[in-house]
Amino acid sequence: MLLVNVVGRLRALPRHGACAHTMAAGKSLSRRGKSLAAQPLQAAIRQGRLCDAQGLLYAGLDRHKVWRPLLKLAKGSSSFEDLDWMQRMVVDKEMVHKAGLEPDAFDYYQVIVSLCLHGQMAQAERVVQTMEARGIPRTALTTNALLSGYKRRNEVSKARALLEATPSDQLDIVSYNTVLAMLTKNQEFDAAMQLYRQLPKMPDRYTYATMLHIATQTHNAPFGTSILPRLLFPGAKIDTTTLNTALAFQINVLGAWDDALDLVEKHMHVAGDATRRLLQSSDPSLSTHGRALAMASRIHGNDYASRPDASTFSLLVSMHAHTNQLGTALDKMIAAIDTVQPDDQALSVMMGNLGHGAAMVSSKDVERAMTRVDQSHPLSLKGNSNNNEISMARVLAFLVSPPVPLSTMVYNAFLHRVARQGRVDLAQWVYDRIFRKDIQRVADVVTYTHLAAAYIRAGQPDEAMAMYYVLRDRHPDPIELDVRFYTIVINALTRVATPQLDSALQLFADMRQLRVQPNNYTYTSLLHACAHAGDADGLATIHRLLKMDMQLDPDVRVYNALMNGYSRTDQLDQVLFVWDTLLAERKFDAASVAIVLDACGHNGAYRRGVAIWHLLRDLPGFVLNTNHHNSYIEFLCRVAPAEDPLGRWMCAADVIGEMHASAPPDAKTYNTLASFARKYDIRSHPLVNQTLDALSKSIKK
């Protein structure tokens, strides 16, 4: 009550002018008067009482000790009333009368940040214009506030326009990092690379981390390798984000598991859940799998032995299944069911790994294990024997009589993994025992998809097609065959040692008749099959149907498969037609460039190939990478105009001089040039030797 009375009297003082501590608004206070007046205001700010603080303003208050903390408190408010108060104080300059202070650049910055946080970007832009009209120059802080607002709304074009229109003295590396992050999020990797190459500011750790992430996403090993030392130099400060970015590049691009695990070992103190997920989601080689598990178990002191979860058990099942310890893998899955009650998603992951381990068991051991289970031999689901026959029998018995009911989705995960290996013996047995004999479990379209794929990969496509016709025409319980079924079966038919193109085309025709919409993967599989078979008529038919398909937006993989097919059937005009379509829509990638240049090279179209290269080199916002240069080098090795093979080879080798820091030569560059040198019988020529030796040294460096 006393505090309320004191605050009440202090609020009243400016209105009544009855206290010697304050004077009329606009007049200065004595040092002691200011100090006494500031105390309740500062207390209100410290306690977060913004409404009370707004009513305690007085003329001549201290800008740094009182005003800025008050404005910062208002900036953090989610109330639009407080946002309006900030604008009145700063933009409408009420702070001049109520606080005796002129607005400065930092005051405007606080208002702009608050507007951006509230999503009022148009008003924030107007405040910037007002500030500049009043002779207060924009600072890097102000620019970064606007860029952050655009980032929240994912307005990339506005952010890029602001960056280009702002003088460099009003920008800092944070400005460029914000735009780089936006471009990366939107997968505009070429534009990000272009911006990075033109940076007028010194890159920082965040810049390098962003660019390394781009290298990971684009699988640009040479560029990422050049960035990595700038993040991991001796004495560098490594945080969790940096660690995970470097780890993802080393695992997913370089495949350098030993280096990746050494990095985690060195910086275990900053490893977190994302680091653990990286280790768990990847599939390390057998020699490093155990070490990856040990790393995961130590992250943040997490003792998996005493506090396991579903993710932990999934990793354990995977590790044992991949190292031919099927019995132990089964034990871990049963332990997971007993202790953490995993959901269907987690059970599916474990069952998939169990299927991988089962597919590694020999056909003879599987056959004997099936006999054991079919004859109802008593088998304990406990124990840890890793004898292949016994372990396989235990797995099959587990599938028939699990400790808890398992859904069709979980069984399908097992079928998926054995089907990938063409283990039709396991796939058919599971179908017969789990779905045909047990009326409680019902097979779905995914079940039949994996069963058909298993027959095809086992070299029995006729059996798969026979099953398909039963499902389509005569199944007692009609199964709605979907695009996933058709696509997976078509892909399997076209990927076997002897592609079954006729059957694949029959399935595709059925899809259209049954109004099942094909997807990009469907078309890509068919186009690859036509290319492999050299079927020009099939290519033309698929291309015609593709152009008639109004429901599909073809991706770059479809166009690449189409170009590759036309290239393999010596139809350069069609290759160039598809390339022009890709170019117009800016959909091409490194594979597209390689295919069109390869087609030009094999057909002697030197001028057209050079024209394509020059167009790419001068294309705004497009950055040529190492793979592009390698394709052009191979093209020149084939068709560069020269009097002899040596001249043609040297013309191709000159391209090395055009390769820059973001697209340095790599092993493929060397191998391409060395291969053509041997082909032309010029490998021993002094110029060739000198060029290849210098190239080898630069790559190693």
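Predicted model: local features only at pLDDT ≥ 70, side-chain atom pairs only at ≥ 80, totals over all residues.
A residue counts as buried when its relative accessible area is under 20%, and F435, with a relative accessible area of 8%, is therefore buried.

**Helix 10 against helix 11**

- Helix 10, which spans residues 156-165, and helix 11, which spans residues 173-185, have axes that come within 10 Å and cross at roughly 150°. Because angles over 145 degrees count as roughly antiparallel, helix 10 is roughly antiparallel to helix 11.
- The crossing in which helix 10 passes helix 11 is left-handed.
- On the side of helix 10 the contact is made by V156, A159, R160 and L163, and these meet S175, Y176, V179, M182 and L183 in helix 11. Sorted by class, the contact of helix 10 with helix 11 has seven nonpolar residues, one polar residue and one charged residue.

**Aromatic pairs**

- A pair of aromatic rings is described by two quantities, namely the distance of the centres and the angle of the planes. With centres required to lie within 6.5 Å, the count comes to 16 aromatic pairs.
- In one of these pairs, the rings of Y431 and F435 have their centres 6.3 Å apart and their planes at 35°, so the pair is tilted. Both Y431 and F435 lie in helix 25 (residues 424-436), where they are four residues apart, or about one turn of the helix.
- Y431 has a relative accessibility of 11% and so counts as buried, while F435, as stated at the outset, is buried at 8%.
- The rings of Y468 and Y486 have their centres 5.8 Å apart and their planes at 75°, and because planes over 60 degrees apart count as edge-to-face, this pair is edge-to-face.

- S631 lies in helix 36, which covers residues 626-639. With a relative accessible area of 9%, S631 is buried, because this value falls under 20%.
- When its neighbours within four places in sequence are left aside, S631 is in contact with A594 and L597.

Definitions and conventions
Residues numbered from 1 in each chain as written. Heavy atoms only, no water. Axes fitted to C-alpha atoms, helices over the stretch in contact; angles between N-to-C directions. Helix = DSSP H or I, 4+ residues; strand = E, 2+ residues; numbered from the N terminus. Parallel < 35°, antiparallel > 145°, perpendicular 65-115°, else oblique. Left-handed = near helix turned anticlockwise from the far one by under 90°. Contact = heavy atoms within 4.5 Å. Nonpolar A, V, L, I, M, F, W, Y, C, P; charged D, E, K, R; others polar. Phe/Tyr/Trp six-rings, centres within 6.5 Å; stacked < 30°, edge-to-face > 60°. Buried < 20%, exposed > 50% of the residue type's maximum accessible area, 1.4 Å probe, protein only.
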